[in-house]
Amino acid sequence: MNHQFSPAALAAQIESVGVDIEGVNLSYGTNHVLKDVNLAIKPGEFFAFLGPSGCGKTTLLRLIAGFNTAQRGEVRIGGRDISTLPPHRRDVGMVFQSYALWPHMTVRRNVAFGLEERRVPRAEIERRVDAALDLVGLKHLADRRPSQLSGGQQQRVALARTVVIEPKILLLDEPLSNLDAKLRVQMRQELLSLQRKLGLTTIFVTHDQEEANTICDRIAVMDDGKVQQVGTPQDLYDHPANLFVAGFLGTANVLDGEVRSDGAAGSVFVGNGITPVALPPQEAGGAGAGTGGKLMFRPQNLAIRADGGPPAPGHARLTGVIRHREFLGASIRYAVDVGGQLVQVDAPHQAGDALLSPDAPIILDLAADKARFLRQ
Amino acid sequence: MTSLALTRDRIARVRPGPALAALLIAAFLLLFLVVPVVQVIFVAFQDKTTGAFTLVNFADFFGNDLFMRSFANSFYVSAMSVVVASLLALPLAYLTTRFEFRGSVLIQSLGIIPLIMPPFIGAVAMQLLFGRNGSVNLLLRDHFGFSIPFMEGLNGVIFVQSIHYFPFILINLSASLKNIDRAMEESAQNLGCHGFRLFRRIVFPLAMPGYVAGASLVFIKVFDDLGTPLLLNVNDMLAPQAYLRISSIGISDPMGYVISVVLISCSLLALWVSALAMRGKDYATVQRGGGGLAKRRLKPLEMVAAYGIVLLILVLVLAPHVGLGLLSFATIWSFSPVPDAFTLKHYQTVFTESGQYITNTLLYASLAALLDVVIGTAIAYLVLRTKLPGRQWLDYIAMAALAVPGVVLGIGYLRSFYGVPMPFTGQPLSNFWLILVFALAIRRLPYALRACTAALQQVSSSLEEAAENLGATKLRTVSRIVVPLMSGGILAGFVTSFATAAVELSATIMLVHSQSDAPLAYGLYVYMQSAAGRGPGAALGIFAVIIVGLGTYLSHVVIERGRRERGQDQ
């Protein structure tokens, strides 16, 4: 079976348009679901709304599709305000989480549906449906019913049904959540190659940071109805704007402490079990002496110092006690009690290496330039 | 080593308990369902005098004008009842599932009220309200100079049946509309579809299986019904003809049997057509509590129209109840919109003269319902939880009772058990009142069985395995874990069986041998034969409504409570 999207793409390359969301506020009764959402999605971009369930990401997607209405704010597609258009006149293609394939129609009829609604001539419908099914590699299953297809095949049909109408933008609502783990990894590459081929501005809703990281150009991390941060996956991981973003993308170590002045050198972070960490001016963000906050760093920013020598230049020293360890294969993750707070450390593992035992004291060096200071 | 082999051997063997239960149930079904029905079919193909195989009875049937007219009438009445019932059910189903409508609660009760009164009970009252000289036509004639033949001949049967049976369509159609996932509709909108096209292309086809299920049920019920045409004095239909042949000419007349075979064939045909229409169309598309189609608010004018429709149907639905109530308190009610005066005398008559009808009914219906849930639970358990060979057949045979009209079962019992003398008394076995209980139990078994099966499916088998793992024997597991967990479903099955058995007439009327053994439905039929008996008959009907109404309410309460306890609120 053909699992790669065929190179025979749809006839016309779709002209990419951008999406602008401005000052959107939406409430269900007293439940304020979207709070002052502002986003600018560029033409041709693969963009993700990422966040935990209940953060408002699906509500925002459905707002763009026209299935709910904001009390304030507007949504512009290609510069045109679509806030007052009914769903069927918006020309935004949406792939539903459940795929929503109609069980009473064959695959071909499902895919042809949108074109029939647009009164496209019969011969052209045939041609475009064939092209779309070809694109997802399912032409041979055109006469099946959706119930006779596997989950992955249903997913492709849903995609074909949506892209065949050549929508202005493509909305994907958790499209991979109903697939098994192996297929999910494969499908996300296929989604990406399809998106690149069509040049279609695409918005992808997911709660899985790995999915968003691997295929999206930029991500809007959402929580509690607000956009927490927008950026490329690397941006968000390396420079999280707040604790939520830090913790949602990858594992974050967080130490409580405060900023102290270090004379002429500038500011330093002082906390329990750690030597003072110099904060560059852009990192301290103008926080004056005495400002409480947290030092955030990743497990791989720490190095175990078995020799106990002085810290290397530009490193801070942490001392603690190993509480437990997890053998992960390529690395070993130790949880270390540093001044009463747990810190995760990843140590690379080679065959024959001895494991450190719990309750043993441990000395760690932190590359100071990798650490981030986050205010409360 | 030997002891180990022995244990294994014992485990591999079929357990004696379930096997014994299966044999007992099989014997019961064979004796009281299979044998009588096969007997009926057999006799239909038998020469009356020689007993040889013949088709001459069928030739007589198809060559007889009265029978052919009856056949055509039965078909016409059933088909028209489906049409009229659909006209009543469609707007109601559409209103509740598509709109934010306060009247939805009202519509839900509309779906229950008709079912708590069997159609034949209300038939006479409907005659007084809608007949040629009934209240409505008297008023129409006085004020507008015309009348509407609601109750003339076949119209009356269609009118009464469709008011009674439209809830089957309403319930099934609403359920399948509710089972359509919102994304089905939204994806169509997303692709540019809206309005009536959306309804025609997506919503309607997805709701079709539910509609077909409801409609075929209505068709079968009307086709098989004996009581309503009999009480409306419409005799040229198939079920009344079968009854009249047997009751007037005798159980040796082959025509009653031929008609029975035709009735069974048509039931099977309707079931087959509906199965065909539903095949491969399990369209329940709701996922992860996404539930139901999008609802919108009604505009003011639409709201008025919606309430208008609902109230009109409510009036129609309540008409038999109101009419029956009036009749039961009326001194004389003839050629006038409302009775001349009111009295309590009829209730007194019922209490003094016919208390036995009520006590008999309570006894028969509760015994039949008890039998149903015991057999239903046993079959459900055998089918779902044992590996007994042939267990599926118990289910099939029990469900086959659906296709057997009450008249046919009654005729079959008469034929099979009339020649069997009772021990001690020497009376024919078919005159024994317990036979009536068995007939009722067989008739209601399919519904009870489905309720019990559904209840057992909700009980995860790991709950049983946990009990066995902790040392409980199979029997103890069933009695301490399975049955308590099923109790809600079993109780609901009991109450439904009880309530419907209490007002069953088709089989009963064939089997009642003496007034003292007769249940309520039969008494009602006897009363309604004479003009003077109408008052007491209506009073008896009110008792029937109360019994069935209470039963329905109780089963509703039980089901709701069970649902809450299992945390399936919403």
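Me: What share of the 570 residues in chain B is made up of buried residues?
Reply: Buried residues make up 46% of chain B. A residue is buried if 20 or more other C-beta atoms lie within 10 Å of its own, exposed if 12 or fewer, and partly exposed in between, with C-beta atoms placed from the backbone. In chain A, 42% of the 376 residues are buried.

Me: What kind of model is this, and how are residues numbered?
Reply: This is a predicted model, in which local features need pLDDT of at least 70 and side-chain atom pairs count only at pLDDT 80 or more, while totals for chains, interfaces and linings use all residues. Residues are numbered from 1 along each chain as its sequence is written, and chains are lettered from A and ligands numbered from 1 in the order in which they are written.

Me: Why is B:Ala277 called partly exposed?
Reply: B:Ala277 has 15 other C-beta atoms within 10 Å. The buried class starts at 20 and the exposed class ends at 12, so a count in between is partly exposed. B:Ala277 sits in helix α13 (residues 254–278) of chain B.

Me: What is B:Ala277 in contact with, leaving aside its neighbours within four places in sequence?
Reply: B:Ala277 is in contact with B:Pro209 and B:Val212. Contact means that the two C-beta atoms, placed from the backbone, lie within 7 Å. B:Pro209 is 68 residues away from B:Ala277 along the chain, and their C-alpha atoms are separated by 7.0 Å.

Me: What makes chain B as compact as a globular protein of that length?
Reply: First, its elements: chain B has 23 helices and two strands. Helices (H or I, at least four residues) and strands (E, at least two) are DSSP runs, numbered from the N terminus. The radius of gyration of chain B is 26 Å, close to the 25 Å from the globule rule for 570 residues, so chain B is as compact as a globular protein of that length. That radius is taken over C-alpha atoms, and the rule is 2.2 Å times the number of residues to the power 0.38. The C-alpha trace of chain B spans about 100 × 75 × 50 Å along its principal axes. Among contacts with a separation of 6 or more in chain B, 78% join residues 24 or more positions apart.

Me: How many helices and strands are there in chain A?
Reply: Chain A has nine helices and 20 strands. Its C-alpha trace spans about 80 × 50 × 35 Å along its principal axes.

Me: Which domains does the domain assignment of chain A give?
Reply: Domain 1 covers 19–246, and domain 2 covers 251–375. These bounds come from an automatic or database domain assignment. The centres of the two domains, taken over C-alpha atoms, are 40 Å apart. Five residues of domain 1 are in contact with six residues of domain 2.

Me: What makes α4(A) mostly covered?
Reply: In α4(A), 10 of its 13 residues are buried. They include A:Gln154, A:Arg156 and A:Ala160. The buried residues pack against β6, α2, α3 (122–135), β7 (169–173) and α5 (181–198) of chain A.

Me: Why is the set around A:Ala160 and B:Ala544 called a nonpolar core?
Reply: A nonpolar core is a set of buried Ala, Val, Leu, Ile, Met, Phe, Trp, Tyr and Cys residues joined through C-beta atoms within 7 Å. The largest such core has 275 residues, and A:Ala160 and B:Ala544 have the most contacts inside it. Helix α18 (residues 433–457) of chain B gives the largest share, 15 residues. Beyond its neighbours within four places in sequence, A:Ala160 is in contact with residues including A:Val111, A:Ala132 and A:Leu138.

Me: Which elements give two or more residues to the side of chain A that touches chain B?
Reply: In total, 18 residues of chain A are in contact with 18 of chain B. The elements are β6 (92–95) and α2 (107–117) of chain A. α2(A) gives the most, with three residues. This side of chain A divides into 11 nonpolar, five polar and two charged residues. Here Ala, Val, Leu, Ile, Met, Phe, Trp, Tyr, Cys and Pro count as nonpolar, Asp, Glu, Lys and Arg as charged, and the others, Gly among them, as polar.

Me: What do the buried residues of α2(A) pack against?
Reply: They pack against α3 and α4 of chain A, together with α9 (182–190) of chain B. Eight of the 11 residues of α2(A) are buried, among them A:Val111 and A:Phe113.
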